[in-house]
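Please read this briefing alongside the sequence and the 3D view. It is meant for a reader new to the structure.

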Amino acid sequence: MKKSILAIVALLTAGAASAQTYAIQAGRLIVDASQTARGPSTVIVENGRITRIEPGATAPAGATVVDMRAKTVLPGLIDAHVHLTGDPGTPFWRETIDPNELAAIVGVKNALLTARAGFTTVRDLGAPGNASFALRDAIHDGIVPGPRIIASGGALSIVGGHGDVSGFRPEVNAVLDPGGTCTGADQCALRVREWAKRGSDVIKITSTGGVLSQQGRGLEGHFDPAEIRAITSTAHRLGLKVAAHAHGARGIEDAAKAGVDSIDHGTFADAAALQAVKARGAWYVPTLMAFTGVRDRLGKNIFTPVVEAKGREAMAVWGHGLRAAHRAGVKIAFGTDSGVFEHGRNGEEAELMVRLGGMSPRQVLVSATTGAAELLGVGDEVGTLDPGKSADLIAVDGDPLTDAGALTRIVYVMARGKPIAMK
Ligand SMILES: [Zn+2]
């Protein structure tokens, strides 16, 4: 009995090996965004992995040829801050009627949109219930197409902070409580352990107030530094990194000093805050596209007054934090906050990073490949097209090393060795 099962497994494996060889012929090939691009080259993919790169346009016997000889082929992009299970413009009261299971299904739609936009790895930082874990696992198992997901599940926050539920009658808020609030070092450490037990790959904290929640306590630091230290030390001991949503300067500084791995948004970052971020080796994740989602809805009676005020405050300094962080030599990882704006527009962040942040197109591409891969802890698998890595690659019109806009002109996507249907 056992022998026959092994024979079947061997047959299936052999069949898969011959059926899954691709020769992706590139006009220009970017193996590593920090290095000079190569001319015409062919990437050979076998069983989901890059096995070798050959000069010129080649086609091994039996390989499926992908003709990108008029395009640039490069590593699949990485977005370090998405919310696949949500769509922009959803009224806040919908959380009182939508089941968490709906979020997972919305996520299936958005995962495909995101992959088609050239993003083959994402870090999902905030989803209801277990929706992002289910989505992550379904994509991993090949049930639905999409990017590789590093998922946090819900965010940890203070009671009444961004990440808790506010804005309804107290008894309604209580029913909707996502269970991620904590007070004091012990309880915050407990939450990290609970989240790790449930399946979090990374811990997300809302270390300051946030724009789009109904909490009215501003955008500065909310957690006590001792609480953040308890979260980071507990998470790191379990092999989990910590992503800190942070807008206000002192909140950024507190989070960085407490050892978080990334500062996301970083809106009001000042010199002292950025010095702390740099000294601790944390990453800055700009999410400039999030502000387009806010900008487009200001002044239209879409937001409640409490959100409208915070939105205006943040919009007034759009891009200032990234510009200062980049000048200060802080490590930048590409991240957009998709879900606050429409999924699939992630690549538009690149031009904003150049225009508002003062980065070069090459620096932006590094941030979206090797940079974000390092932050997410997946640099051994993705970020470059080195043989042995997962076959996560895309083709674009133009040269993204000189034109950041090329990252919005995606013509081909392969995720973990499987082509993504583009229409
Ligand atoms: Zn976010």
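The points below cover the zinc site, a cavity, a pocket and a sheet.

This is a predicted model, in which local features need pLDDT of at least 70 and side-chain atom pairs count only at pLDDT 80 or more, while totals for chains, interfaces and linings use all residues. Residues are numbered from 1 along each chain as its sequence is written, and side-chain values use heavy atoms, with hydrogens and water left out.

**Zinc site**

- His81 (NE2), His83 (NE2) and Asp337 (OD) coordinate the zinc ion at 2.1 to 2.2 Å; donors are N, O and S atoms within 2.8 Å of the metal (3.2 Å for Na, K and Ca), and sites may look incomplete because water is not among the atoms.
- The spacing of the donor residues in sequence is H-x1-H-x253-D.
- His83 is in the loop between strand 5 (77–82) and helix 2 (100–116), and Asp337 is in the loop between strand 12 (331–332) and helix 12 (349–355), so the pair ties together parts 254 residues apart in sequence.
- Helices (H or I, at least four residues) and strands (E, at least two) are DSSP runs numbered from the N terminus.
- Both His83 and Asp337 are buried, meaning under 20% relative accessible area with a 1.4 Å probe and protein chains only.

**Cavity and pocket**

- On a 1 Å grid over the protein atoms alone, a cavity is a set of points where a 1.4 Å probe fits but cannot get out, and a pocket is an open set with protein on both sides within 12 Å along at least five of seven lines; lining residues have an atom within 4 Å of a point.
- Grid points are joined across faces, edges and corners, and a volume is the space filled by probe spheres set on the points.
- The whole structure has 1 cavity of 30 Å³ or more.
- The largest cavity has a volume of about 50 Å³, and of its 13 lining residues the closest to the centre are His265, Thr267, Tyr284, Leu288 and Gly319.
- Helix 11 gives the largest share of that lining, 3 residues.
- The second largest pocket has a volume of about 420 Å³, and of its 21 lining residues the closest to the centre include Arg416 and Lys418.
- Helix 3 (131–140) and strand 15 (418–419) each supply at least two residues of this pocket's lining.

- An open sheet of 7 strands has mixed pairing and the order 3-2-1-4-13-14-15; two strands pair if DSSP finds at least two bridges between them.
- Strand 3 (49–55) and strand 15 are the edge strands, each pairing on one side only.
- Strand 1 (residues 21–29) and strand 4 (residues 64–75) run parallel and are joined by 7 bridges.
- Leu29 stands opposite Val73 in strand 4.

Definitions and conventions
Buried < 20%, exposed > 50% of the residue type's maximum accessible area, 1.4 Å probe, protein only.
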